[in-house]
Amino acid sequence: MKKQNLIIAFFFGMVASISAQNKTDHKSNAGIKGGYNLAAVNYDGQGETGQRHGFHVGVYGEEFISPNFSIQPELMYSQQGYEIKDGNATFTQKLNYINLPVMLKAYPSKNFFLEAGPQIGLAISHKEEYDGLFSSSQEYDPNNFDWGMNFGGGFKTDSGVSLGVRYHLGLGDLYDSG
């Protein structure tokens, strides 16, 4: 397996947030969120793996620091990983994380937001599968700690339901160099 220089995980979220308060104005709120993930890995600068489909679910709290800016910490369970296809064989690395993103959100208008912020993650489980001529489960030892930056945007209705997309640029190595 080649060394991993960069993890790239798409938090391509159709994020459905359920607000704890009625949203007629920008007020602090909390809720649950969940969505769809596409995750892939960039290795040795030689390209990107195939994407692994998964989901994320968790809780958030949004605190407004001014009329148009808020800070939103989140605690999320996230399915990540990647696939490599070679002919009729497929190698899948399944990684499950507890992620803690802290997003700075800007509202240029009442219902549209842009967001960016750091994220740390702790791998709570991993599983490797090889499906080819001979199927097996090989154990690799990925790093348990991940970190990176998130960028995204979306729309929040007056009732507090949000739909958004987010890109996670992983900055940690998935495997130790060496």
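Which element of the chain has the lowest mean pLDDT, and which the highest? I looked this up before anything else. Strand β1 (residues 4-11) has the lowest, at 34, and strand β8 (residues 145-156) the highest, at 95. I note that pLDDT is the predictor's confidence in each residue, from 0 to 100, and that strands are DSSP runs of E with at least two residues, helices runs of H or I with at least four, numbered from the N terminus. Over residues 1-24 the pLDDT is below 50, yet this stretch has 128 contacts in the model beyond near neighbours in sequence; a contact means heavy atoms within 4.5 Å.

Ground rules. This is a predicted model, where local features need pLDDT of at least 70 and side-chain atom pairs count only at pLDDT 80 or more, while totals for chains, interfaces and linings use all residues. Residues are numbered from 1 along each chain as its sequence is written, and side-chain values use heavy atoms, with hydrogens and water left out.

Whole chain. I found an average pLDDT of 80, with 78% of the residues scoring at least 70. The secondary structure comes to 0 helices and 9 strands. Of the 178 residues, 43% count as buried, meaning under 20% relative accessible area, with exposed over 50% and partly exposed in between (1.4 Å probe, protein chains only).

Core. I looked for the largest nonpolar core and found V41, Y82, F91, L95, Y97, A123 and L174, 7 residues in all. Strand β6 (residues 89-106) gives the most to this core, with 3 residues. Such a core is a set of buried Ala, Val, Leu, Ile, Met, Phe, Trp, Tyr and Cys residues joined through side-chain atoms within 4.5 Å.

Rings. A search of the whole structure gave me 5 aromatic pairs. Rings of Phe, Tyr and Trp (its six-membered ring) pair if their centres lie within 6.5 Å; planes under 30 degrees apart count as stacked, over 60 as edge-to-face and the rest as tilted. F64 and Y107 form a tilted pair, 5.4 Å centre to centre with 35 degrees between the planes. Both F64 and Y107 are buried. The rings of F112 and F155 have centres 5.3 Å apart and planes at 50 degrees, so this pair is tilted. F112 lies in strand β7 and F155 in strand β8, so the pair ties together parts 43 residues apart in sequence. I checked their cover: F112 is partly exposed at 26% relative accessible area, and F155 is exposed at 54%.
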